[in-house]
Amino acid sequence: MSLETESGMAETSALEVESVSKSFRARRKTMQALDNVSLKVRRGEFVCLVGPSGCGKSTLLNIVAGLERPDQGNVLADGKPITRAGADRMMMFQESALFPWLDVLGNVMFGLRLCAGLNGKKRREVAMDYLKLVGLEPFMHANIHELSGGMKQRVALARSLAPNPRMLLMDEPFAALDAMTREQLYGDIQEIWSQRKKTILFVTHNVREAVCLGDRVVLFSPHPGRIQEQFEIDLPRPRDINSVDLAKHATTIMRSLKRILRPELQEVAE
Amino acid sequence: MKRSQNAILFFLFVTGVWELCARLGMWSPVLFPSPVEIGRYLIESVRDRTLIEASSVTLKRLLIGYAAGLVVGVPLGLLTARFKFVQDTFGTAALGLQTLPSVCWVPLSLIWFGQSEFAMIFVVIMGSVWSVSLATSAGVQSVPPIFVRAAQTMGSEGLHTWMRVILPASLPYIVTGMKQGWAFAWRSLMAAEIYVTVLTGFGLGHLLHYGRELQAMDAVVGIMLVIVVIGLLADKILFSPVERFLHRRWGTGED
């Protein structure tokens, strides 16, 4: 499976994860969250990480974000080692993590205020552009608690995009939303991704969601967390989560996932 | 509207019954002054400026001491939350000293600083600083870690994270602590002023004290009323706007 850039030039990958291992100590037991995981992500690629809980997919995301350090291995973003969190890799969480002491516009401005070389007027313009992009311009002065779950995640998306990061790291951002809102956001995120050509690393436990969004779906197996299998998804975009073709791809991945889960279930049964 | 109507009617009723009891001469007027007498005293002492000057002396001490209490208390709370060592040392001390009724600082303050203006201010500082510090520390510890992580991925770190994320996120706690600190400071200042005369300024507490010395019950009750009103106004002016902002932003409270 070739994961190199199509141009074939010696261009660095957007992200290179080289044999990363990470373990956590919890109550005298050591949990191997990641065991020798390697992954390359092309610039502008949408990669979905799927797997049962405990497979280390969120840990990998945190390491790429710079919020955690690997025990072993290297992680390179644009060829440079990741040493700390930074605005070039923006993270979105399952809960919106919006700041309740700021209004909607204030939240979107937060990251922009940390960007050097922008004056106040320009920052406001950029923030308004992204609020427009997610369709929440009329709510610029709303308080966070007044928004619905879907609106909150839209604001969080605008907040993440506004400082123009090269990579977007999304940790189950739609898991807490209702199905209808989620489907709307699938459309939005695909549109934004194709317009802005960001590299996206997207963690989910929902296989259909992964197939709907990803250029590639990376399946993790748990205990210890390893990459089990990778699937290129070459369906045309924009994709509809309810389409039959998409369901076929999802079924294939689901089958692999069940193979991973079965020994786990047996373990529990014993 | 209905609620303030109720309040006004209630207090008019109480004053009426009070006046009636006083007129009926059920108790000696020396012990039980009528509202009219108290009103007369208040008008008189506003006219000869004793009440106004005493209030301004007291408020000045209170505001200076309270501001100093905040300036010390908030950073101390932040340091307590940030460094385990400070938590174990100063944090423990703050916890202990907060249980000490702030009036108990009065004798110490007088021995250290004499009958001076600073002795009064010191009592106010000691009254407010521990509550504010403990509340700030509790506030910081209650900040959801996800706020900090989100801020970090946006490039925030160090002092910026503290000033722009952790501090505002703990604001609801800090304001609660500030209110408690204010209440303690106010009580301890009154105690200090009643307890001892400071020649540099004649505060409401002193006025109350001399009211007792002169057996002037109308003055005593009148000054008590003034102290109540100052407490209510402080709440309305200092804290209500902040609390309204917090309720609106965080979506807590009824409106």
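Helix α1 of chain B is followed by B:Gly25, whose phi is positive, near 65°. Helices here are DSSP runs of H or I with at least four residues, strands are runs of E with at least two, and both are numbered from the N terminus. α1(B) covers residues 2–23, 22 residues in total. It reaches 31 Å from its first C-alpha to its last, close to the expected 32 Å. That expected span is 1.5 Å times one less than the number of residues.

This is a predicted model, in which local features need pLDDT of at least 70, side-chain atom pairs count only at pLDDT 80 or more, and totals for chains, interfaces and linings use all residues. Residues are numbered from 1 along each chain as its sequence is written, chains are lettered from A in the order in which they are written, and side-chain values use heavy atoms, without hydrogens or water.

**Cavities and pockets**

On a 1 Å grid over the protein atoms alone, a cavity is a set of points where a 1.4 Å probe fits but cannot get out; a pocket is an open set with protein on both sides within 12 Å along at least five of seven lines; lining residues have an atom within 4 Å of a point. Points are joined across faces, edges and corners, and a volume is the space filled by probe spheres set on them.

There are two cavities of 30 Å³ or more.

| Space | Volume | Lining by class |
|---|---|---|
| Largest cavity | about 50 Å³ | seven nonpolar, three polar, one charged |
| Second largest cavity | about 30 Å³ | six nonpolar, one polar, one charged |
| Largest pocket | about 310 Å³ | six nonpolar, six polar, seven charged |
| Second largest pocket | about 240 Å³ | ten nonpolar, four polar, two charged |

Ala, Val, Leu, Ile, Met, Phe, Trp, Tyr, Cys and Pro count as nonpolar, Asp, Glu, Lys and Arg as charged, and the others, Gly among them, as polar.

The lining of the largest cavity includes A:Met90, A:Phe93, A:Arg159, B:Ala150 and B:Met154. Two or more residues each come from β6 (89–92) and α4 (149–161) of chain A and from α7 (145–153) of chain B.

Among the residues lining the second largest cavity are A:Met92, A:Gln153, A:Phe174 and A:Ile189. Here α4 and α5 (179–196) of chain A each give two or more residues. α4(A) gives the most, three.

The largest pocket has 19 lining residues. Closest to its centre are A:Arg84, A:Ala85, A:Gly86, A:Asp88 and A:Arg89.

The second largest pocket has 16. A:Glu95, A:Ser96, A:Ala97, A:Leu98 and A:Lys152 are closest to its centre. α4 of chain A and α7 of chain B each supply two or more lining residues. The largest share, three residues, is from α4(A).
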